[in-house]
Amino acid sequence: MVEAAKYLSKSIAAVGQDLADGSVSSVDLTQACLDRIEATDSGEQGLNAFLEVDRDFALAAAEAADHRRQSGGRCGPLDGVPVAIKDNINVAGLGSRCASKILEGFVAPYDSTVSERLRAAGAVILGKTNMDEFGMGSSTEHSAFAPARNPHDRERVPGGSSGGSAISVAAQSSFAALGSDTGGSVRQPAAFCGVVGLKPTYGRVSRYGLIAFASSLDQVGPITRTVQDAAIVLDVIAGHDHRDATSSPQTLPQYSAGLAPPDAPLRIGVLDFSGAADGMQPAMTQAFDRAVSTLSALGHRCETVTLPHDAYAIAAYYLICTAEASSNLARFDGVRYGRRATGEKQALDLEGLYSHSRGQGFGAEVKRRIMLGTFALSSGYYDAFYGKAQQARTKICDDYRQLFDSGIDILITPTTPTSAYNLGAHSGDPLEMYLADLFTVGASLAGLPAIALPCGRDETGLPLGLHMVAAPWRELPLLCAAHQFESATAGGTNL
Amino acid sequence: MTSYDVVIGLEIHAQLQTESKLFCSCPTGFDAGENMHTCPVCTGMPGALPVLNQRAVDLAIRAGVALECTINRRSIWARKNYFYPDLPKGYQITQFEEPYASGGHLEFVVPGSAADGSEDVAKRVRLTRIHMEEDAGKSVHSHERSSLDYNRACTPLVEIVTEPDLTSADEAAAFVRTVRRILRYVDACDGNMEEGSLRCDANVSLKPAGRSTLGTRTEIKNINSFRFIKDAVEYEIARQRECLLGGGEIRQETRLWDSQKKVTRPMRSKEEAHDYRYFPDPDLPPLLIEADTLAAVRQALPTLPQQRCDRYTGIGLALADARVLTEDRDVADFYDDACAAADNPKAVANWVINELLRELKDAPIGELAVKPQAIGELVGLIDKQVISGKIAKTVFGHLLEHGGSPAAIVDRLGLKQITDVAGLEQIVDGVIGDSPKQVEQYRQGKTKIIGYLVGQVMKRSQGKANPAMVNSLLQKKLADE
């Protein structure tokens with residue numbers, strides 16, 4: 001069992017080989033992951049990556065995987081590999097709390113499409129990972145259950161909202177984790193934790209069973225230790241789903257099989273973010289510059305580009321996502337599922353039932369955003385706020401379209417202005433946290449595929465992440481470019 | 001004393017008769033136990049998403065075409081946000097700024113009444129729009145608790161909105177009846193107001209006669225029968241008139257029709273509509289209705305009630321009869337099939353209207369044992385004098401019980417009319433011989449007594465003698481002697 005721990009640092013691709021040649025069993029691997037979780041998650045400085053771990057559930061799946069392998073069944077790359085799932089993605093039989101008190105005790109009555117596909121591929125689901133409540137946050141500090149910690153420095157945030165997923169992959173208690181990305185919630189925690197995080201093109205991966213935050217922005221994406229691993233997971237979860245009307249029938253390439261260095265020099269757009277210079281951590285700017293040099297050295301043509309309406313991205317994002325969220329979260333009312341408030345002295349009337357259930361069940365950040373979103377949609381304000389934000393979104397989409405139409409293959413930016421900050425650093429001013437999303441929200445608004453991957457460490461050893469964006473449906477060229485960068489920099493350690 | 005014009009606009013909600021719900025594949029229909037026809041989508045479970053049922057769109061298009069609307073190529077699903085336990089997601093998926101159908105109109109007749117000697121009045125009402133939306137679930141309130149049944153949640157509806165062109169309670173009722181008939185004709189909706197598959201809200205206001213500015217209107221909800229449309233609207237008109245004449249002001253509000261107390265009363269203000277914060281639903285792409293889809297629907301549309309009624313009056317049926325026959329498309333179809341097997345549309349109409357329809361008792365006409373061809377045949381047999389009208393009723397009785405062919409029944413039961421003169425003469429002679437008293441009375445001038453003699457001949461022939469022939473034979477013989 002202890003032996004199996006040595007496999008935990010491996011990539012999916014590598015451990016798949018070990019499973020295939022019998023060096024390790026899925027049960028041993030799964031047990032090692034479970035032990036790692038137990039060792040790292042709890043206690044005073046516990047990472048709190050997981051909100052729920054179901055040992056029996058996981059070991060049963062691992063046994064089934066071993067059995068399949070022994071019977072000579074054809075096993076895919078994820079068969080028997082332990083993975084973690086963000087708490088807002090339904091896994092039938094496991095809790096789906098979205099890290100909120102209002103869904104405490106709620107057990108998912110059906111599988112999300114992505115969980116279904118992972119299970120069908122033989123993956124072993126370890127449990128549900130910690131997150132900012134309903135996806136609202138960039139630090140996982142807004143979890144109603146426990147704040148999560150960055151494995152590189154336990155005083156610091158892991159990022160969010162898919163903090164738990166990023167932690168688990170970085171702490172090597174799982175080989176891959178699913179997160180959800182609405183404005184950067186897969187990419188930013190990946191960057192803070194020093195792992196790879198991919199947000200697919202909007203519509204590439206089904207949202208059926210993903211508990212909605214902002215319907216026109218949400219996408220499920222993999223968090224992994226390598227780019228190849230991200231491609232492997234994407235192969236399993238991507239593709240049209242008739243249960244999601246926004247899911248695309250666009251042709252599905254083979255991602256991991258298609259990974260290869262770009263066959264011609266790329267034209268790489270380097271975003272001019274001089275306007276945001278004040279907020280940038282010098283180490284991040286330097287690491288980014290080194291990344292640009294690396295890409296040039298690889299033979300690609302790097303040129304500075306601008307996105308004229310970038311300055312409106314944060315405002316547009318926070319109006320649109322909160323508006324959609326105010327509607328998506330209306331169903332959490334204590335009537336059909338989740339937590340229902342009971343009156344202290346007398347039975348509540350209907351309005352009391354609603355206001356107490358939601359008042360007690362939702363955290364402060366969620367309430368803030370629901371109110372903001374409700375306001376943005378309200379009579380008399382709709383045109384000025386929600387309407388205007390959608391117009392800005394159209395302009396932002398046009399910027400990206402023109403950029404890629406002009407021949408740019410990949411746009412690169414830092415993922416975040418700084419490395420992971422201290423727990424509690426931004427609690428005074430929610431806006432400060434919002435503003436740090438400036439590099440990731442654009443790709444969300446425009447529905448573009450984007451990836452964060454390691455590009456070095458700051459002076460205290462905290463990870464820094466490079467951010468790459470491609471045109472719609474161009475996940476494969478994006479992954480190829482990222483893979484090449486990763487190889488050239490030995491996973492961001494060699495810059 | 002000020003005279004007021006009545007202004008009425010209607011919003012009719014009709015459930016489209018699809019097999020499945022609008023955004024999930026749960027069955028529609030009311031026969032299941034509570035919450036048996038539900039799934040994560042129609043109960044608003046976390047993570048569920050709507051997927052459009054295309055069949056509902058087809059039925060909606062039929063309704064729009066039948067009501068002469070412009071069918072918009074592109075329309076948008078919108079979220080209407082409000083909190084109520086029967087609305088599982090906390091919003092209803094509907095259409096707001098861009099509905100699938102705009103404009104439209106309906107010509108109909110407000111029937112006159114024999115009671116006050118009023119005539120039928122033709123009327124034309126403009127429609128504003130029709131849009132599609134999902135229905136909510138059902139609340140059941142008891143003394144100590146409220147329960148929710150989501151079987152009805154997500155059932156597809158069309159909402160038909162009229163311009164404020166109606167001017168009386170009678171017009172409103174006649175309008176809804178006509179819409180119902182049309183929706184049933186095109187198989188879009190079964191029009192059952194009692195079960196709630198057709199519901200109607202009425203907007204009523206009064207304005208001083210001749211003025212163009214509309215008065216403040218109230219909305220009446222919870223009208224679930226034709227009777228109630230008339231009663232509720234009449235009550236509200238009277239209430240508003242009394243209020244205005246007394247110098248009062250009408251409050252804009254939603255009122256409920258209370259069918260027990262026969263009044264409208266205001267809804268509690270908390271139930272009033274607030275800001276719905278409509279916005280396009282990001283989970284659904286715009287609804288696109290292509291030209292060829294539209295053309296196919298138009299092509300397949302059956303003849304509508306008014307055209308069918310006109311055709312029947314055109315071939316000589318009385319207007320009242322034509323209306324009865326075209327009330328239900330199944331009856332009109334039955335009638336047409338029966339006519340195809342006969343050469344006498346008026347007689348066929350008579351049989352269908354006066355004999356057949358009362359046997360229906362809520363069952364569909366297609367379920368009767370007697371088939372349209374049989375009715376046609378029956379009429380033919382009478383016309384060819386094979387059987388008398390009276391015997392035909394006996395045959396009809398058999399047809400109702402067992403179906404089959406009238407000719408076969410006549411043969412089997414030996415019901416053919418006796419028309420050969422010799423045979424008849426024999427019976428006539430017999431009756432004359434056996435009824436000297438009546439014969440004497442006839443000769444004395446009491447000619448009406450011939451009826452008795454005819455009756456006797458009919459009796460002796462088991463009703464099979466041709467009455468006309470019997471009559472003329474008797475007259476001849478009695479005159480001879």
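Helix 12 of chain A, in this predicted model, covers residues 383-405, a total of 23 residues. At 1.5 Å a residue, a helix of this kind should span 33 Å, and the C-alpha atoms at its ends lie 31 Å apart, which agrees. Several residues of helix 12 are buried, among them A:Tyr386, A:Ala389, A:Ala392, A:Arg393, A:Ile396, A:Tyr400 and A:Leu403. An α-helix has 3.6 residues a turn, so residues three or four places apart point the same way. After helix 12 comes A:Gly407, which has a positive phi, near 110°.

Chain B may be considered next. Its secondary structure consists of 15 helices and 17 strands. The globule rule gives 23 Å for 481 residues, but the radius of gyration of chain B is 30 Å, well over that value, so chain B is more spread out than a compact globule. Along the principal axes, its C-alpha trace spans about 95 × 60 × 50 Å. Of the 481 residues in chain B, 49% are buried. Among contacts in chain B with a separation of 6 or more, 69% are between residues 24 or more positions apart. The accessible surface of chain B is about 23200 Å², and carbon and sulfur atoms account for 49% of this surface.

The cysteines remain to be examined. A disulfide is a covalent bond between the sulfur atoms of two cysteines. A:Cys33 is buried, its relative accessible area being 0%. B:Cys154 is likewise in no disulfide, with the sulfur of B:Cys24 nearest at 4.6 Å, whereas a disulfide requires sulfur atoms within 2.5 Å. B:Cys154 is buried, with a relative accessible area of 3%.

Definitions and conventions
Residues numbered from 1 in each chain as written. Chains lettered and ligands numbered in written order. Predicted model: local features only at pLDDT ≥ 70, side-chain atom pairs only at ≥ 80, totals over all residues. Heavy atoms only, no water. Buried < 20%, exposed > 50% of the residue type's maximum accessible area, 1.4 Å probe, protein only. Helix = DSSP H or I, 4+ residues; strand = E, 2+ residues; numbered from the N terminus. Expected span 1.5 Å × (residues − 1). Rg over C-alpha atoms; globule rule 2.2 N^0.38 Å. Contact = heavy atoms within 4.5 Å. Areas by Shrake-Rupley, 256 points an atom, 1.4 Å probe, with all protein chains shown as cover.
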